[in-house]
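Please keep the sequence and the coordinates in view while reading.

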Amino acid sequence: MLNIVLFGPPGAGKGTQSQKLIDKYNLIHLSTGDLLRSEIAAGTELGMKAKSLMDNGILVPDEVVIGMIENKVKEHSHAGGFIFDGFPRTVPQAQGLDKLLMDHGTEISCMIALKVDDEELTKRLLLRGETSGRPDDQNEELIRKRIQEYNTKTAPVADYYSGQNKFCAVEGIGDIEEIFGNLCKQIDSLKEKQQK
């Protein structure tokens, strides 16, 4: 099973690249935002629990999110693998994910980070804000705050996977196809190692 954590700050191009990776490697996309929305829409027990927390402005606890991920892993037990998008964001989440996958006889293959400098990210998000209509992409101060928060909170997660020799970074600036090609090189060499 090929399980990839695709990592990168807001505006790094994760959405674009994850879709291309899903198509090429036949992976199941696991985005925690999508999971929350679908569990709430389906009216599941976890979904209702998450909704009541969110309605009160409380962050959904890790165990609820992990529970939703577990449901998805069980549902797609014959998949070629998963691509995790937007999760894990903290070391405890990464540890929880490791335990969950181990319980299902698999593990994270690698975490790939898209590297893009802060100025480029700010420029991209402001541009995206012109077309997306997302208010959080139209305010430069908010954008810089989001990037700062990403850098502070999620850097330890990269260190966590580095400690397991499962971390690599790919330049996220340049032509979309070129970036995709570099991601594929990393994944292909990883798959070769797994087969040995």
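Lys14 has its place in helix α1, where helices (H or I, at least four residues) and strands (E, at least two) are DSSP runs numbered from the N terminus. The structure is a predicted model, in which local features need pLDDT of at least 70 and side-chain atom pairs count only at pLDDT 80 or more, while totals for chains, interfaces and linings use all residues. Residues are numbered from 1 along each chain as its sequence is written, and side-chain values use heavy atoms, with hydrogens and water left out.

With a relative accessible area of 16%, Lys14 is buried; the term buried stands for under 20%, exposed for over 50% and partly exposed for values in between, with a 1.4 Å probe and protein chains only. Leaving aside residues up to four places away in sequence, Lys14 touches Leu6, Phe7, Gly8, Pro9, Asp85 and Leu114, a contact being heavy atoms within 4.5 Å.

Gly11 lies in the loop between β1 and α1, and it is buried at a relative accessible area of 15%. Its contacts, not counting residues up to four places away in sequence, are Leu121, Arg124, Leu125 and Arg128. Leu121 belongs to helix α6 and is buried, at 0% relative accessibility. Under the same exclusion of residues up to four places away in sequence, Leu121 touches Pro9, Pro10, Gly11, Ala12, Val116 and Ile147. Between Leu121 and Asn139 there are 18 residues in sequence and 13 Å in space, C-alpha to C-alpha.

Rolling a probe the size of a water molecule over the atoms shows where empty space is left. On a 1 Å grid over the protein atoms alone, a cavity is a set of points where a 1.4 Å probe fits but cannot get out, whereas a pocket is an open set with protein on both sides within 12 Å along at least five of seven lines; lining residues have an atom within 4 Å of a point. The largest pocket has a volume of about 1500 Å³, the volume being the space filled by probe spheres set on grid points that are joined across faces, edges and corners. It is lined by 45 residues, and Pro10, Lys14, Thr32, Gly86 and Arg89 are the closest to its centre. Helix α7 supplies the largest share of this lining, 5 residues. The lining comprises 18 nonpolar, 15 polar and 12 charged residues, with Ala, Val, Leu, Ile, Met, Phe, Trp, Tyr, Cys and Pro counted as nonpolar, Asp, Glu, Lys and Arg as charged, and the others, Gly among them, as polar.

Arg37 lies in helix α2 and is exposed, with a relative accessible area of 55%.

Finally, the cysteines may be considered. A disulfide is a pair of cysteine sulfur atoms within 2.5 Å, and by this rule the count comes to 0 disulfides. The sulfur of Cys110 is 5.2 Å from the closest cysteine sulfur, that of Cys168, and is therefore too far for a bond. Cys110 is buried at 5% relative accessibility, and Cys168 is buried with a relative accessible area of 16%.
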